[in-house]
Amino acid sequence: MENNRECFLMKGNEAIAHAAVRCGCDGYFGYPITPQSEVLETLSQLKPWETTGMVVLQAESEVAAINMLYGGGASGKRVMTSSSSPGVALMQEGISYMAAVEIPAVIVNVQRGGPGLGTIQPGQADYLQATVGGGNGDYNTIVLAPASVQDMADYVDIAFQLAFKYRNPTFILSDGVIGQMMEQVYLPPFKPRRTEEEIGTECPWAANGYHLTQRKPNIFSSLEMDPKTMEQRNTRLQQKYALMSKNEQRATTFLCDDAEYLYVAFGSVSRCAEEAVVVLRNRGHKVGLLRPISLWPFPKDCLNKILPTVKEILVCEMNAGQMINDVKLSINCQRPVYHYGRTGGVVPTPDELIEAMIALIKQ
Amino acid sequence: MTKDDIIQPENLVIKKPELMNDTVMHYCPGCSHGVVHKLIAEIIEEMELSEKTIGICPVGCAVFAYRYLDIDWQEAAHGRAPAVATACKRLWKDRLVFTYQGDGDLACIGACETIHALNRGEKITIIFINNAIYGMTGGQMAPTTLLGMKTSTCPYGRVPELHGYPLNITDLATHLEGTAYVSRQSVHNVAAIRKAKSAIKKAFENSMNGIGSNLVEIVSTCSTGWKKTPVEANEWMEKNMFEFYQLGDLKDIKQ
């Protein structure tokens, strides 16, 4: 027990399911897809509808699942779904609608390699889709990238808190490695689901009929016929995103105090990069790692803080070069930024990352 | 006798339901939507469910339904209303959750969500306005457009070789185990309006009592899309639509 938390050995996907039940989630709606089907399977085994009252439903498609989140979130409930890359692509319409009318919900993407059906092996090629909106229109979602099974367990509650704080869909952008690997994990303590009165107090905006005779009807619609009014709505959304961008940057650093060469990596690749840093430090190279936890907002403040000692940056991702754009923009291209990527489900080894960094140092 | 003498409670023969506000409707003259809106408002009031109702709007002519009835509404993406309603009802079991959808929304782009929500036996009511045309976008062919019927995307008439057949999704719904009550009605005269009201009420009662999923189709007119006067549209509907979309209760598990 650590802080009265129970310790288990389980997959990241299973940790997501357990954490959902424990953090007072009201409903999960999902559709099976590899490599994340254990989330729905675990929830179905746990039968939380008999304990906490949480609803678990296998939807007819990812399209239906995300629209179930729309309905549940708009009614003030804590709802979530999980899927993998092709399924999340299908959900983009619903996510855009939810962002437009400010519906809180948590969406987990256990990424696989693409494009198209791609592969069932791990990938990180949905970075751009997650961080620049993904659906139609100008909008953003907070994106949290777990790097361990523990993170999977911990981020569910954080994601719900952020989703309700800003009334915005929130992503947990995981990958097939984190979803499938087993690690030791401390599960969060049980938190009760909110009562109808508590939802009424916390979510006076929700469309659920609660105390309707004492207030104006709550209406969720993203349709607006008057361009000026629509622009005003968009401006207000952008102001919210600016606030989120300022307040919600999250990152961890590893041996960055004097780092001359910096890895920037998220999710499972950050675990490989961490090992690469240890090996290179042992060889006498001043190497560090910045691991963005929030991919949107990108932790540019943290990056700029450690930048003074840094000579060159190597961005490592399981894609063809997506986060590298945010790194360059964050530092306004003040340093050379290079990319090392593997795609299609190939997971880089620490040795590959070491080799790539050595090549950079020797340049 | 002055006007004020006449306007007395004892002289009241009909009134607008309280839940219906004074917003001017965007519907065309002769359109069936307004009548159905009023019926829904009346029934929610009669059942005293205004604090227990979640309405789900479609994309289509009824996209602005939320402007006219003072209840909580969620505007769904095109075709997704049954999925939205599914979550609302499962998460708020004591609420009346209904969707209000047109033929394009329900029977075309949302056919998957419609069939699966009905088949799961979600304790919701689906109000299905079928005027056999896409009204909002200007009169294109719908899944329910009759053979031979002319629309802007089948200007020479719907023919199976080019456009396939009209989809009778309400008949299909009767074969789904999850449906409790499936009815097809219209609102083109007083008798029909009364029958439609009792059908919607029965569906709402089932939803509140947790009895299966409920589908009420209202065969409707679209005088603008059909390029007819409201009177001609009613006549055309009786003559042509009712033959293919026959009125009456199609399934009632309580009988």
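Arg90(B) is located in helix α3 of chain B, which spans residues 81-91; helices here are DSSP runs of H or I with at least four residues, and strands are runs of E with at least two, numbered from the N terminus. The model is predicted, so that local features need pLDDT of at least 70 and side-chain atom pairs count only at pLDDT 80 or more, while totals for chains, interfaces and linings use all residues. Residues are numbered from 1 along each chain as its sequence is written, and chains are lettered from A and ligands numbered from 1 in the order in which they are written.

Arg90(B) is buried, with 24 other C-beta atoms within 10 Å, where buried denotes 20 or more such atoms within 10 Å, exposed 12 or fewer, and partly exposed the range in between, with C-beta atoms placed from the backbone. Residues up to four places away in sequence being left out, Arg90(B) touches Gly27(A), Val55(A) and Leu57(A), contact being defined as C-beta atoms, placed from the backbone, within 7 Å.

In chain A, helix α2 (residues 38-46) has as its buried residues Glu38(A), Val39(A), Leu40(A), Thr42(A) and Leu43(A). These buried residues pack against several elements of chain A, including α1 (12-22), β1 (6-11) and β5 (105-111). Just after α2(A), a positive phi of about 50° is found at Lys47(A).

Beyond its neighbours within four places in sequence, Ala20(A) is in contact with Cys25(A), Tyr28(A), Leu43(A), Met80(A) and Val156(A).

Methods:
Two residues are in contact if their C-beta atoms, placed from the backbone, lie within 7 Å.
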